[in-house]
Amino acid sequence: MDSRNLQQAVAELRPTLLRIARLQLRNDTWAEDAVSETLISALESADRFAGQSQLKTWVVGILKHKIIDQFRRSGREVSIEAAAEAAQVETFDELFADDGHRLNRPRDWGDPEATYSRIQFFEVLQMCVEELPAALARVFMMREWLELDTAQICKEASVSSTNCFVMLHRARMRLRECLEQRWFAGEPTL
Amino acid sequence: MIFGWLRITCRQAHVLLSERLDRGLKPWEVVRLRLHLTVCDVCSRVARQFRFISDAVRRIDT
């Protein structure tokens, strides 16, 4: 790929990068900044992209670093929102009886690979992540998409490890519920 | 008596199912969770769903 084509190919990735950055950062300005820095950095170091991986994979890798940098710059705001969210108690009483046993039976989600092959599924997944409170979504995406370990997440968001585990649990419970209703509800239950 | 100590509810099992994706469980937590999963197909299903969600999010940029 010559440099002109590469430049164009990188620029074409912008909408995808912005979508992911928004999902993770939950702030449009921060997302724009992280993506601009990613594109600049990608073009500057284009000679290091030897075509050994897919261009998109390479650029997304750069974006992940820029997003972490952005979290560090916005530390104060992120930690204030995380602290407020950590103070929320969510008991999921609609799911469990008083003795702690589950009231309703979750659906069988079938073969994961079959679901991952559907583009529409990822649109629903994204919508479900967007519906999470910002602080929950950030912590959850740091864990599952940035694949940071919990010690690092607690540090970035300035929350205790206990609060961190609770927030991740709440995020998973909500996403599970959301996916079940928005995607799997049409499938037959077993 | 020992079974009473090892027994956990679905509510507690759901917490451990999430936390095992984020930290190493203590040996007794592993035993309690395994025991619960052998008798509870609801939580076994949720266990698969939590893993499903992790895998799905890792593919969100593809």
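What pattern does chain B follow when read along the sequence? The points below answer this and then turn to the aromatic rings, the charges and the backbone.

1. Basis of the note. This is a predicted model, in which local features need pLDDT of at least 70, side-chain atom pairs count only at pLDDT 80 or more, and totals for chains, interfaces and linings use all residues. Residues are numbered from 1 along each chain as its sequence is written, chains are lettered from A and ligands numbered from 1 in the order in which they are written, and side-chain values use heavy atoms, with hydrogens and water left out.

2. Fold of chain B. Along the sequence, the pattern of chain B is α-α-α-α. Chain B thus holds four helices and zero strands; helices (H or I, at least four residues) and strands (E, at least two) are DSSP runs, numbered from the N terminus. Along the principal axes, the C-alpha atoms of chain B fill a box of roughly 50 × 25 × 15 Å.

3. Burial and contacts in chain B. Of the 62 residues in chain B, 53% are buried. Buried means under 20% relative accessible area, exposed over 50%, and partly exposed in between (1.4 Å probe, protein chains only). Among the contacts in chain B with a separation of 6 or more, 59% are accounted for by residues 24 or more positions apart; a contact means heavy atoms within 4.5 Å.

4. Surface and charge of chain B. The accessible surface of chain B is about 3,300 Å², and 60% of this belongs to carbon and sulfur atoms. Such areas come from the Shrake-Rupley method with a 1.4 Å probe; for residues, only the protein chains shown count as cover. Chain B carries 12 positive and 6 negative side chains, with the centres of the two sets 6 Å apart. Lys and Arg count as positive and Asp and Glu as negative, while His and the chain ends are not counted. The place of a charge is taken as NZ of Lys, CZ of Arg, CG of Asp or CD of Glu.

5. Aromatic pairs. Rings of Phe, Tyr and Trp (its six-membered ring) pair if their centres lie within 6.5 Å; planes under 30 degrees apart count as stacked, over 60 as edge-to-face and the rest as tilted. Over all chains the count comes to nine aromatic pairs. One of them, Y116(A) with F122(A), is tilted, at 6.4 Å centre to centre and 40 degrees between the planes. Y116(A) is buried at 9% relative accessible area, and F122(A) is buried at 13%.

6. A pair between chains. F121(A) and F52(B) form an edge-to-face pair, 5.6 Å centre to centre with 80 degrees between the planes. This pair crosses from helix α7 (residues 119-130) of chain A to helix α4 (residues 41-58) of chain B. F121(A) is buried at 0% relative accessibility, and F52(B) is buried at 4%. One aromatic cluster includes F121(A), F52(B), Y116(A) and F122(A).

7. Charges over rings. A charge sits over a ring if NZ of Lys or CZ of Arg is within 6 Å of the ring centre and within 35 degrees of the ring normal. The charged end of R23(B) sits over the ring of F165(A), 5.7 Å from its centre. R32(B) lies over the face of W5(B), 4.5 Å from the ring centre.

8. Positive phi values. Most residues other than glycine have a negative phi. R26(A) has a positive phi, near 60 degrees, and is found in the loop between α2 (14-25) and α3 (28-44) of chain A.
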